[in-house]
Each structure stands twice: as C-alpha cells, then as structure tokens.
Amino acid sequence: MTKDDAPRASPDALLAEASREGRGRLRLFLGAAPGVGKTYAMLQAARAAKAAGRDVLVGIVETHGRADTEAMVADLEILPRARIPYRGRLVSEFDLEAALARRPSLLLVDEYAHSNVEGSRHPKRWQDVADCLRAGIDVWTTMNVQHVESLNDVVQRITGVRVRETVPDTTLRTADEIVLVDLPSDELIRRLAEGKVYVEDTATRATQNFFKPSNLTALRELALRQVASRVDSDLLERMQGGAIEGPWAAGERLLVCLGPDDAAERLVREGKRLADLLGAHWFAVTIERPGVTLDGPAAAKLDVAMQLAKSLGAETQSLVGSDLPTEILRFARFENVTQIVVGRARVGRAWLPWSKGSLADAMVRRARGVSVLVLTEDREAAWRRWTLPEMGSWTAYPAAAASVAAATLLGTQLVRFVPLPNVSMLYLLAVLVPAILIGVWPAVLASFLSFGAYNFFFIDPAGTFTIARPHELLALAVFLIIAVTISAVAGQAREQMRASARRTRAARRLYEFTRTLSALPDANAVLEAAASEINAALGRAAVILRPEGADLEIAAAWPPDDRLDVPARTAARWSFEHGEAAGAGTQTLPSSGWFFTPLDVADQRVGVLGLERPGDNAPLDAEARALLAALAEQTAAALGRALLSTEVRAARTAAETERVRNILLASISHDFRTPLASILGSATALIDYGERLDDEARRDLLAGVRDEARHLDQMVRNLLSMTRLEAGALEINRDWIDVGEILNRIVESARRRGATQGFAVDLPEEPILAHADGTLLDQALGNIVGNAVRHAGPNARVMLSARRSPDGVTVEIDDDGPGVPDGLRPQVFEKFTRHRTSGADGGDSAGLGLAITKGIVEAHGGTVELLPNDPARPRGAAFRVHLPAGEGAPA
Amino acid sequence: MSLPTILVVDDEIAIHRFLRPVLTAEGYRVVQAMTGTDALKLAAGEDPAAIVLDLGLPDFDGKEVIQRIRKVSQVPIVVLSARDREAEKVRALDLGADDYVEKPFGVGELMARLRAAMRHAKATGGGVLVSGDVSVDVAAHVVRKGGREVRLTRREFDVLLALFRNAGRVVTHTHLLREVWGSANEGNTQYLRVYVGQLRQKLEDDPAAPRLILTEPGIGYRLV
C-alpha cells in the first residue's frame, strides 16, 4: 500500500478535520455506569463556561430529584421542553426546534443514547444532537459505555442485560472531546446503597446483579479502553494529518461477508471489534445472485446488517455474481483486503453430491495471501424454513390433467403398435410439459395422475388400480421421484427466467423513462411525467416537491393530490435541507407516512421525491430501491436540464422584452419629436417673425400648431388605448354611428396633415350604421389609413369603401403602394411591428397602430384582416374590417 | 432671381409649413423637397445658397444626400437631426455638412446657423480673422487678445486657426485632428482636450466658463 511509503498527509485525516470546521463541537461525558456523576460533571463544567462568558443553554437535563444536581442547574438558562402527545398522554422531550431557533453558543443535552418518543423529528436523541452540531452549536452530552453500539454484545455478555438504546460508533468518533467520568466501584455501590443513584433503565433495575463489583469493574475497564483507544486514534489522526513519521497502522484491511441470515448482525459487530483492534479500514459486502430474489424477512435482515455496518463505519458494497467465493476474492484483491471474515454456513448442501460445501470452506480452500476468519455460531442455527413454491392459478390444474389425458389417449392408440414399457415415456412427457410451462404443483398432480392412469390402463390387470407384481410398484415409485425432480428443476429454471425477464423489464422501463423525460420541453412536463412513471414503476403514490420561495411546494404528484400532512412536509423539508433520505423507513422522522429522497443534479438540489408508505408498511426490496435510485437520478437530471433550458428561455424573453421596450422608447420619442418640432418651430416663428408675416401666414402657423397638437393628442390616445387593451380595461361606449361619415372624416384629417396621396371614398347611397364606439372606431380605421399614408408613397391612391353585409358592416381600405412585405405579413397586427420605409430616422411610428386597430375591432366582436395580394390586386396593402351587426340593427 | 435660394429637405410637411414663411420673411426664396431624389434634383437645378436637410428621408439616407452634393458643390448644408443621435450628427459633419440643429428647434437658432454657414462660405483664407476681442493674423502667425499679443505654440495656433476658419460652425474632433495632426491621429481626442484647454487658459476671460471656444459634447468644438 502506497500510503505506507512516504510520510504524507492522509487525505482521509485532512477531510475529517475539514468537515469539522463550521460545525459545532461535541463534548461527551462518558461513564461506566449510571450514578458515576456524569451529569454533575457536565453541569460543573457548564457553570465554569458560563462564568467565562459563554452563552450556555440547558437543552435537557435529568436531575432525578437529586438536590445537588438541581442546585447546579438552578442558575443556568433552561429550555422549556416540548410536549409531544403519545398514546393519550403528553410526553416531555428535548425541544430541538426551539434549541435551533435559540442558537446558544453551548447546549447541554443529557442522555445521548435516549430514544425519542414517536412523532419526534428523529427517533434518537443523538440525531437531534447531530442537527445542533450541524447548525454550528457546541453540544455537551452524557452517556454510559454500555450504549456504544459495538460494545452492545460485550456488555450483554458481561452483565446479562441487553441494552436497547445504542449510539453508533461513528457518531462517537465525531465527538471532539471525550471526558471520562470515573468513580471507583466500591464508591458507586456505596452511593447506590445510600439511594443516591437513580437507575432509569427498567431492564437494568430489574436485574439485581447489574451493580455487582465484578460487572462494574468490567464496565469501567470498557469505558477506560474506549477513551484510551480514542486517544490512540486522535494521535494517529494528528500524525497522519500532519504527515508525522511514526508507527503506522499496519495497513490491515478487513472484509466482512454478510448473508441474509441471523448471523449477519453478529458478524458486523465482530467485524467492527476486529477492525478496531487492528486499526483497520473495513468493508461489509453482500452478494446478490442474479435471478435469485430474497423474500421479505431475509432481505430485511440483510438490510439491517448492512445499515448497522455502515453506522459502525464500514464501507458497504453489494456485489453481484453467481460464484460467491470468486466474487468475494476478486473484490478482496481489488481492495487489498488482508483479512476476510465469514460466518460458518449453517445449511451447507453437503449431502448433495454436486455441492461445493459451505462458503467458508470454499473461501478457506481458495484464498491466497489473505487470512480467512470463520466465525462459528453460538447456538445451533435454526433450520431454514422450507418454503413451498407458489400454488399457481387454479386453471393450471385442469391443464395438467388434460396433459395426462392426452398422453393416455395417445398411449392407448400406440399400444397397438409398440410394446408396453415405452408407454411410460409418454407419461414422463405429460409431467414434463406442465412442469416447464405451468409450475411445480400442477406437475406433481400430473405425476400422480400419470401414475394412476398408467397403472389403470397399462399395467396388468388393466382396468384396475391393483398392482400385480412388486417390481412394478418400485417402477412407479421411481417414476414419481423422477417426475417430481424434473418438475422442481424445470420450475426453478422458469423462476430464474421470470426474474431475468423482470430485470429486463425494469431496465427497459428505466430506458423508456429516460427517453420520455429527455424529450419533454419544460420542468412541469418533466415533473408530471416523472411522478406518474415512478408511480407506475414502484406501485406507490409518488410526489415531487420543488423549492418555491422559502418553502417546498408540491410540483407534481401521481395520483394527483396536492396535500401532504405536516409530518410528511417536515420530512420533505429535512430531506431537502440535509440532502439525505428522510421519512418512512429512515432514521429521520420515521413516523411520517412518506419516504423522501433528495433530487440532486451536479451540485444543485432541485427538489425532493416522495413515495407514500403502503398500507402494509412493506419496505422496498433491493431491486425496487435500486430502481428508485436510478429513477430519482434520471428525474433530477431531466429536471436540471429542463430548468436550465427554462432559464435560457427566460433570459431570451427578458432580452426580447428589453428590445421591445427600447424600440418603443425610440419610436415614441421620434413620434413625439416631429409634432413638437413643428409646434416649437411655428411658435418661435410667430414670436420672432410675427410682425414680418402677413395675416394668412400667421393663421397658417397657428393652424399648424393646432393640428400638430391634435396629432400629439392622437398618439397619446393610441398609447393609452394600447395600455387599456393590454390591461383589458378598454371601455366601449356603443352608439349608432355612420361608418361613411367616419371614413370621410379620416380622409379629411389625413389631408390636413399633409397627406399627398389621392383618396377615394366609395359609399352606398344610404348611411351605413354600425353599433360601435365612434371614437374608438375612428382611431381603429384612422390607424389603417395612417399606415397607407406612411408606407404607400406620396403619389399612391388610397381607396376606402364601406358596405353593408348580411351579418354586419364591412370596411375595406386599400392602397396601390408597395404593399406589406411577405416576411412581415404574419405579424403585421402585432405590437412594435414596423416596416422601415425610411432610412436614418427609423420607422415612422411605434408600430402600435395596427395592433390597436385589431384590439379595438376585436373588442367590438369584429375581425380585421390583411387581404392577400392576387392577380386582381397585384400590389398594395388591402385591409378588411368586419363589424358584426349590433342588436336591433336597422334592416 | 436676385433673392438667394434656400432648399429645405424634409419629409414632414409640418416642418415646411413653418419654415417657408420664416425664410420668406428673412428674404430668401424657398424651394421644398420631400425626398432625397427631389433634393438632389433641386440642389443641381436651383443653385441654392444653402440647404436645410433632414437626415430621415423616405427614399434614402440624408447622409447620402450630403455625400452626393459634396461631390459637385460646396454649398452650405445645415442638418436637422434628432437629439439622441450623436453618431449620426458626427457622420454628417464629417461627410461635409456645415452645421446641425437638433429637433425640436426654435427658428431663431436655425436662422443663426444658416447665416453663419453662408458667411463662412463667402469668407476666404488669409488676412486677419476676428472674433470678439481675439484676432488672428494668419500670415504673421500672430494672435492678439484685446490688442495684446498672446504667445501660442505652433500646435495651439493650428488648432485655433482651424476653429477660426470655421467660425460659428461646429468642427468635429475628427476634422480638427486630421487638420492639425494628420489623418493617423483621428482617434486621439485627448490631444484636443489638452490643446483646447491651453487655448482657453490663454484666450478666455474665464477659462472655466468659455465664451470663445465652446464644447459641443460628443461632437467637437465651436468658435463663436
């Protein structure tokens, strides 16, 4: 191993140091037994800290009514306890939320190993402490050595008491300081006798023998050792972190092989102890055989063991392979493992001639350069319960019977041509076919039926079930054995086939899922699809939450539901904030009805995925968990991609809006400047040259001022109308108006403003009445004419006409100018669409005119369209406005 | 034909409407054009004494009108332009326009610019140029302020002379740089700021509030 070669800083040691920064520091007051004075010692130190000016808060301290301890707490600030309803009463617990909100510099939390009442955020108090540390709060806590997870077995062996409340060794290792609170055994027993010791654990109290001197001595030794080993590892860590040359850990690497059985948990604990003794890095591995799925309890056992191993600091790994020893040895070589720990296989199919014996035997036989430790069982392992194959559907049985009937029929025909013994082969066929196609039990039924039919039809005396000769009985027995064996083997093959088909389906499903998601354009579509796919794949209600401001909101759910109860929301929030799974089936808020896992892409957390706990509370099997992990990963990736593209689109939209705004400002300023220039010019002309001008010239200048002021007013109205149209606040004051009159007025006003074009207004004899808002219609049609004046050229002709049509009034405004360029046609009625006819000054208008026309006409329930150019009208722009006949329209 | 002719080019009839009576009252004959094509035609046919030109024209760019007129004539051109289009004004001036007026404008301002442009066209090189109490004797390279000689460096004199030659009109940075330092230095406006600063120190009564050499922000300088 290379790290032995040179004194250089071990990355692991540096990482451990780095991950501590920004976190609160944990000081643990460790004792050998209840009553040694841990709490007292902690409070004493806390008072000193407070005297030194630290902000000390008592999170929770049990004084057990001891006067001296109570006196110690008295002048410290105490956090009120949370009251959590549990089975009809209120249980007081450490209030984690309040502690986090209060954020003291130093927090005292008694009883590190305490189990919280159901309904708390975490099942264990040490998890609460972890949250506080993460929030940067220093925590002091107390614990007895018997609660250390890896010592659990040892303590039980010493004292005969099983301790239920345990703390993982890893959390112990993260403690920055461990303070040993020690008391000689005799002293403790004396205090006990004086009634000064309160023993909380009922199991402990029940056991009279717990406080025997021998027990206490052993526990003291354990505690001392724990602290001593801690000192060792601290030293080692410093040496590695500082690259100090010195006695190095021997570089032992330990591998523990776990199977789905009762021994797994014990193997893990032993592995941990060995690893600690050796100062070794250790692995816990399990092997999955392809095509073999574990049943619920077995999988659960394996899960528990693997999780325990993880919490005890092992690196866990699931391998896949059919040849167990080969896989394990390959992994061991790859990871430079020096010692392998296996349990002695209990079953061992040694009685089968082709069996290779137990795994332990195989490992011992094949391992090279690796020590193999075989752990034996304490007691005789229970025989594995023989699990019967599934019964299958009822229709399978008549099918099996039919198979036998067919064989019988065939046999009775064949027996005329061939000698009798070969007929039995037909029955083997009749058993084999259902065995392969249907299942074990129908095949067994077929075996018995075959046996009966063969006996009845073909063995003398035919027509009866009597067996004449003994050797025929033997033949029948052999026949039955063969039939059952065949059906069992065939059935197993079929099971494996099904399993592999299931995996193929899962793989295909994942592939389809990825493909579906990658094709979706936006985040919402991705979320919807993901929720429904995950629901379909795992058969559980799925929900995806996304951060929405400061909160998490349901972004998609399948089946569609937009509610989550408070515990579920809390779990989701925790999962999102800490980047770890939370809720049902985890160590955080397990009482919640949902399981949540964070959705991470690159270094961004995009949301959390939740699965509802099913009614029967069944955990997901390994295969489903792997699928869930893959689905979550794909969802996160697709979501990340969709969000990115949304961001890009939003940026583009913002840029477009910005562009539009600039165009609007530029064109408005231009539009306003021209009439203003005219007004200012005319006014200054009148002021400076008034007396040198004749009356007519003066009148004309004044008229110019008036006209341009009107023009400005018109533009202001256009802008206002646009704003109102956009806000949906356009008010229409309908009245009966003459459309012809409006057209004439528009032409006149255009001429007055200097339009040089020729205008022709074509109207029928009778007035054309429309039920409309005169001012608005004036504006709408005026904008079309204004367009023609601007774009058709100075010498163009503009034709205006109005006709009564069966369902209303049609107005056409038509010019023979260059017309609308093809590229502009589709958006001619959109805002800020302008045709640049002039050069440097840009367009002549804000590009609002036709948009306003369309808005006004449509507000009247009418339509406006740009007519296509055709041979009859080869050039020019022609607009047709249709207004519906109002109620009570004159006939 | 005795009256001098002014050609007004603008596509807005409203502008013509107030310019025509004013120019007529000032004693000019007014010819109007709405498009660039008409402007070129009339500039060639009517022999105007000056042209008032809007840069935004429906058929082609006003700057192109300047370019094409400058090929055949040095007739004074005053450009009408929007306030927010500095770059366009500079381009127009560099192409040979004599001055500009920002829209909207009072007619008095336009008339003053127009007169300055026409006066300059008549002025010839040499002799003594005078503005206020400052005079420049071109041949003798002598500058006087209030009758007392002012010592100028060669460059300062060149800058001042360039401004005097265009008195009353805006002179673009580019124009000044090209004239005094040569075309390689067209971008070095910091030279100008230094020399104009020195000229103001020597010639202005109050250099902080110049009355002789005015700054046209973003465009150039004007000697009045």
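Begin by selecting chain B: of its 224 residues, 52% count as buried. The model is a predicted one. The secondary structure of chain B consists of 8 helices and 12 strands. Its accessible surface is about 10,000 Å², and carbon and sulfur atoms account for 50% of that surface. Among the contacts in chain B with a separation of 6 or more, 55% are between residues 24 or more positions apart.

**Charged pairs within chain B**

Select B:Lys103 and B:Asp54 and display their side chains, which meet in a salt bridge with an N to O distance of 3.4 Å. This pair links distant parts of the chain: B:Lys103 belongs to strand 5 (residues 99–103) and B:Asp54 to strand 3 (residues 50–54), 49 residues apart. Both B:Lys103 and B:Asp54 are buried.

Proceed to B:Glu88 and B:Lys63, another salt bridge, whose closest N and O atoms are 3.9 Å apart. Here the two partners lie 25 residues apart, B:Glu88 in helix 4 (residues 86–95) and B:Lys63 in helix 3 (residues 62–70) of chain B. B:Glu88 is buried because its relative accessible area is 10%, and B:Lys63 is likewise classed as buried because its value is 14%; the cut-off for this class is under 20%.

Next, select B:Asp99, B:Glu109, B:Arg113, B:Glu216 and B:Arg222 together; salt bridges link these residues in a network.

**The interface between the chains**

Now display chain A alongside chain B and select the residues in contact: 30 from chain B and 31 from chain A. The area buried between the two chains is about 2,400 Å², with 58% given by carbon and sulfur atoms. Highlight B:Arg17, B:Phe18 and B:Pro104, which supply 24% of the area that chain B buries against chain A, more than any other three residues.

In total, 3 salt bridges are counted between chain B and chain A, together with 5 residue pairs in polar contact, both residues being at pLDDT 80 or more.

Colour helix 1 (13–25) and helix 5 (107–122) of chain B, the elements that give two or more residues to the side touching chain A. Helix 1 provides the largest share of that side, 8 residues. By residue class, the side of chain B that touches chain A divides into 15 nonpolar, 12 charged and 3 polar residues.

**Into chain A**

The accessible surface of chain A is about 45,700 Å², with 56% belonging to carbon and sulfur atoms. Of the contacts in chain A with a separation of 6 or more, 69% involve residues 24 or more positions apart.

Centre the view on A:Val139, in strand 7 (residues 138–144) of chain A. This residue counts as buried because its relative accessibility is 0%. Leaving aside neighbours within four places in sequence, its contacts include A:Arg25, A:Leu26, A:Leu106, A:Val129 and A:Cys132. The C-alpha atoms of A:Val139 and A:Leu28 are separated by 8.5 Å, although the two residues are 111 apart along the chain.

Finish at A:Arg273 and A:Glu270, a salt bridge whose closest N and O atoms are 4.0 Å apart. The two residues are separated by about one helical turn because they stand 3 residues apart in helix 11 (residues 263–278) of chain A. A:Arg273 is partly exposed, with a relative accessible area of 33%, whereas A:Glu270 counts as buried at 15% relative accessibility.

Conventions:
Residues numbered from 1 in each chain as written. Chains lettered and ligands numbered in written order. Predicted model: local features only at pLDDT ≥ 70, side-chain atom pairs only at ≥ 80, totals over all residues. Heavy atoms only, no water. Contact = heavy atoms within 4.5 Å. Buried area = accessible area lost by both parts, 1.4 Å probe. Polar contact = N/O pair within 3.5 Å; in protein donor to acceptor, adjacent residues only side chain to side chain. Helix = DSSP H or I, 4+ residues; strand = E, 2+ residues; numbered from the N terminus. Nonpolar A, V, L, I, M, F, W, Y, C, P; charged D, E, K, R; others polar. Buried < 20%, exposed > 50% of the residue type's maximum accessible area, 1.4 Å probe, protein only. Areas by Shrake-Rupley, 256 points an atom, 1.4 Å probe, with all protein chains shown as cover.
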